[in-house]
Amino acid sequence: MAEDIPGDVSDANGLDPTALGFMCGLEVHQQLATGKLHSRQPSTLYEDGIEDIEGRWPSAHRRLRAARGEGGRIDIAARFEQRRNRSFVYYQSPNAGLIEMDEAPPLGHDADAVEVALTMSAMMDAKPVGALQAMRKTVVDGSNTSGFQRTTLIATHGSIQTPTGPVGVDVICLEEDSARKLDTRSTPDGEQVVYTLDRLGVPLVEVATAPDVQTPEHAKETALALGTLLRDTRRVRRGLGSIRQDLNVSIGAGDRVEIKGCQDLDWIPRIIRLEMARQLHFHRLANELRAELGVESLPSHRDLDDEEIEASVAEAVSKQLPFELQDVSTALAACESKMVVESLSSGAVVLGLSLPGLAGKLGTKNLDEEGAQLPRLGRELASAAKLAGVKGIFHSDELPAYGITAAETAACAAILGDCFVLCVAPQWQAELALEGVHSRAKLAYHRIPQEVRNVVIRKGAPEDGTTTAMRPLPGGARMYPETDIPTTPIAAESWSSIKANLPPTRDERFSRLGTTGLSENQISALISGELDDYFMDGISGQLTLPEKAWASALLDYGTDKLNALAAAIHLRESGTITREGVEPLVNDADTDDIPSLLSWMESEAANRGFEPADTGAVDAAVAEVLAERADFVAERGMGALGPLMGVVMGKLGGAADGKAVSAALKEQIQRLL
């Protein structure tokens, strides 16, 4: 009798992580703001879409073949990918050379990237390795022209602090980012995936935590703490896609699953809870199926699994579910489904796979209270089929539907039995898809498979927090040494220097700005925008800029022309140029030399009318406006100040400082009241 495990699958938020034996760790990948890791090319990312690139950038067409690792074995994920019959087109961006095209050997590690990775390691109190040894890690999706990603272990045994408690950091690695996918196309010879090489080789720091995450909410805390620590170096890239979080999730009744695509931190707890529910559902389904098959039940925890028992169950399942495909194209020849009819007319076939004993177990689409799809075997079978490049499958639990009538369903059932799956595709692709379906159906009698899953994304955001299968979880056979890059020792003095010069932590950044005259909002904005180091340099540097004025300037204009902005703020605060002159003078500046900027701006201010009007001219203009608008001032009182500011500024032709005009208006209005 199977042991009952507490928890309602339809209420993922109500599941108890402790009772379910929840385990979770994170892998965070952060792009660095340095040059590429092994080619000395700039890490420029281009916004060009495929329609802009085709015919303009050189391209290469490749197929990848799974090779044996150093141990003589072919990695399971690589073997699976090769069978998908995919080809790849790579567009060579302006920052991609022979190394990115895999036509020249790689260079050694970028020194800046190594320094940043070691700095991050020291901030996590990790222990650096003795020497840098680049490794090749097999890549199975074509996102690297060489078929592998170069990755280097930097440090181990670190930790980070979170509000809920410390989380261990197992490893910190420095690796190449992958090529960027542009498009996926269907061809008669299989799927064709199009990549651009601008992102390929951009340095990534990968931080893998220990499975110390206590709850789904703690996972979000951990991701936030890690992201904050990495950004505190001020040497990482910002923006969409520059940091990516992967989740390793399991419950006792399930097994480890790696979930990719967790871009939005707010979604992390929901994604994890839905995975917990999915694993619980399939444990219960496995025992329901085992009971009907008359075999021993699945233990309540994976540590209790018995290899001999699982082997005997697998043998019984293989007899129950033989892999026998039937061509049922004739039964659906007059189908109302436009997709089926068009596919058949283009040479596709409809293949059917019988799944005896699974009638009613595949399920139909149902949602929980928050709109997420409840787990069901039919969806897992569809995910397995889609890995072959097909758009989906039809299964008997949801038919008749989708333009397939009851009569056509009955005709298929007469050939295939009461439970079946249909796939409409070219013969080779339908066979591969249904082979995947068959393998996943047999696994329904066992514990869930270890695999890589991806968050379902719609319009750039998670659809509902559910996931879909991507590929088997890679094994150790995917890693082997990179022989083109010499081993590089980490000098003790370099490590000591890095530890002695760590960047301020987030708390230290708030503390140092708290000693200035800035408001809490300004302090938070400067730190969030990673502008606080520039602020400190400005108030203590060559020009000694006023705190509030410099903070406002950084928040308004950013750091594109930092020295020009500093010079303009200095001249504005000293009364040399008007407030209105700051932006045009900064935009037109063409040097970073402070003395030259000061001289040029003073001259330009005189030529362009950006010199402040003298006090007498301001007072006269204010008096003139107040006389013209006497009735308005009498009616509005001090409320007239704002509306009249623009009138006075216009009368002065912009040649006045707003502060001076405001002060003069306030003083003269008060005298009239």
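Predicted model: local features only at pLDDT ≥ 70, side-chain atom pairs only at ≥ 80, totals over all residues.

Biologist: What makes the length of helix H16 agree with its number of residues?

Modeller: Helix H16 covers residues 562–573, which is 12 residues. At 1.5 Å a residue, counted for one less than the number of residues, the span should be 16 Å, and the end C-alpha atoms are 16 Å apart, so the two agree.

Biologist: Which residues of H16 are buried, and what do they pack against?

Modeller: The buried residues are Ala 564, Leu 565, Ala 566, Ala 567, Ala 568, Ile 569, Leu 571 and Arg 572. They pack against helix H15 (547–557), helix H17 (582–588) and helix H18 (594–608). After H16 comes Gly 575, with a positive phi near 80°.

Biologist: How do you know that the buried residues of helix H13 line one face?

Modeller: In H13, residues 520–528, the buried residues are Gln 522, Ile 523, Leu 526 and Ile 527. Viewed down the helix axis, these residues fall within an arc of 125°, so they line one face of H13. The face turned away from that buried side carries the exposed residues Glu 520 and Asn 521.

Biologist: What covers the buried residues of H13, and which residue with a positive phi follows the helix?

Modeller: The cover includes helix H12 (506–514), H14 and H15. H13 is followed by Glu 530, whose positive phi is near 55°.

Biologist: Why is Tyr 402 called exposed?

Modeller: The label requires a relative accessible area over 50%. Tyr 402 has 51% relative accessibility and therefore counts as exposed. Tyr 402 is placed in the loop between S16 and H9, and its phi is positive, about 55°, although it is not a glycine.

Biologist: What makes Thr 544 exposed?

Modeller: The relative accessible area of Thr 544 is 54%, so this residue is exposed by the same cut-off of over 50%. Thr 544 lies in the loop between helix H14 (532–540) and H15. Although not a glycine, Thr 544 has a positive phi of about 45°.

Biologist: Which peptide bond is cis, and where is its proline placed?

Modeller: The bond from Leu 399 to Pro 400 is cis, with omega near 5°. Pro 400 is in the loop between strand S16 (394–395) and helix H9 (406–416).

Biologist: Why do such phi values and such a bond deserve mention?

Modeller: Most residues other than glycine have a negative phi, and most peptide bonds are trans.

Note on methods. Residues numbered from 1 in each chain as written. Heavy atoms only, no water. Helix = DSSP H or I, 4+ residues; strand = E, 2+ residues; numbered from the N terminus. Buried < 20%, exposed > 50% of the residue type's maximum accessible area, 1.4 Å probe, protein only. Contact = heavy atoms within 4.5 Å. Arc of directions from axis to C-beta.
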